[in-house]
Amino acid sequence: MATNIHFHPGSVTGTERTQLLDQKGATIWLTGLSASGKSTIACALEQHLLHLQKFAYRLDGDNVRFGLNKDLGFDEKSRNENIRRIGEVSKLFADAGCLTITAFISPYCADRNLARDLHKQASLPFIEVFVDAPLQVVEARDPKGLYKKARAGEIKDFTGISAPYEAPPSPEIHIKTDEVEVADAVRIIAEYLVQNGYISP
Ligand SMILES: Nc1ncnc2c1ncn2[C@@H]1O[C@H](COP(=O)(O)OP(=O)(O)OP(=O)(O)O)[C@@H](O)[C@H]1O
Ligand SMILES: [Mg+2]
């Protein structure tokens, strides 16, 4: 733990930044089983927001593990640290005024709540989106062949098979991807952003 460090505030307040950028930075935190549709929805949402001239950026599970989190595995401790770092990074992006879309399984409530608390302390919106589909549906999709490997015992600690997934008890948005099309999921999230005044219509 570092000592003798002092936070140096900027010359632009959060309110000013919001006015100048004409949008309020926020983290849109997608959580759900592998193959539930987090990355698919995150990509479509990012594209939609950019086409509306909004500043948006996606932090995606696998991508972050190629760089920032390349030193982490999938055991519970590593997953905790993975999400802690993403929580901090997404908070920085949101603070910069970005509509930050994170797409991580993030299976533990405690980890997601930690990310939420970080945002709350900084008065930044944290929008938890439960990207939900039943295990049998995601297992049938299996776009990366991971469930097959997990069932064969080739991947340990696989969420939904050999590691837990704790569903969010009260997410801001709940999307059932076995019932809702990708385009509708994007519309639902974008409408939430408008309704809460984070972006202009
Ligand atoms: N309504 C829907 N919303 C999102 N994805 C859908 C939907 N219907 C079908 N799919 C398909 O489900 C799959 C979801 O895969 P995707 O990579 O987005 O999942 P993920 O949640 O990011 O998984 P992982 O945690 O492994 O990265 C894709 O093949 C997508 O085309
Ligand atoms: Mg993904």
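Visitor: How many bridges join strand 1 to strand 3?

Guide: Five bridges link strand 1, residues 26-31, with strand 3, residues 99-103, and the two run parallel. Keep in mind that this is a predicted model.

Visitor: Okay, let's zoom out. In what order do the strands of the sheet come?

Guide: Read across the sheet and you get 2-3-1-4-5, an open sheet of five strands with parallel pairing. Strand 2 (56-60) and strand 5 (173-176) each have a single partner strand, so they stand at the edges with one side left without a neighbour in the sheet. From one strand to the next, the twist averages 20°.

Visitor: And how should I read the two faces of a strand?

Guide: Here's the general idea: side chains in a regular strand alternate between the two faces of the sheet. Now try strand 3. Leu99, Ile101 and Ala103 are on one side, with Thr100 and Thr102 on the other.

Visitor: Are those residues of strand 3 buried or exposed?

Guide: They're all buried, on both faces. To count as buried, a residue needs 20 or more other C-beta atoms within 10 Å of its own. In strand 3, five of the five residues are buried.

Visitor: Which strands does helix 4 lie across?

Guide: Helix 4, residues 76-95, lies across strand 1, strand 2 and strand 3, and runs at about 160° to strand 3. Helix 5, residues 109-121, packs on the sheet too, where it touches strand 1 and strand 4 (126-132). The direction of helix 5 makes about 155° with that of strand 4.

Visitor: Now the ligand. Which residues come nearest to ligand 1?

Guide: Look for Ser34, Gly37, Lys38, Ser39 and Thr40, which come nearest among the 20 residues around ligand 1. Two elements give two or more residues to this shell: helix 2 (38-51) and helix 8 (182-195). Helix 2 supplies the largest share, four residues.

Methods:
Residues are numbered from 1 along each chain as its sequence is written. Chains are lettered from A and ligands numbered from 1 in the order in which they are written. This is a predicted model: local features need pLDDT of at least 70, side-chain atom pairs count only at pLDDT 80 or more; totals for chains, interfaces and linings use all residues. Two strands pair if DSSP finds at least two bridges between them. Axes are lines fitted to C-alpha atoms, for helices over the stretch in contact, and angles run from 0 to 180 degrees between N-to-C directions. Two residues are in contact if their C-beta atoms, placed from the backbone, lie within 7 Å. A residue is near a molecule or strand if its C-beta atom, placed from the backbone, lies within 6 Å of it. A residue is buried if 20 or more other C-beta atoms lie within 10 Å of its own, exposed if 12 or fewer, and partly exposed in between; C-beta atoms are placed from the backbone.
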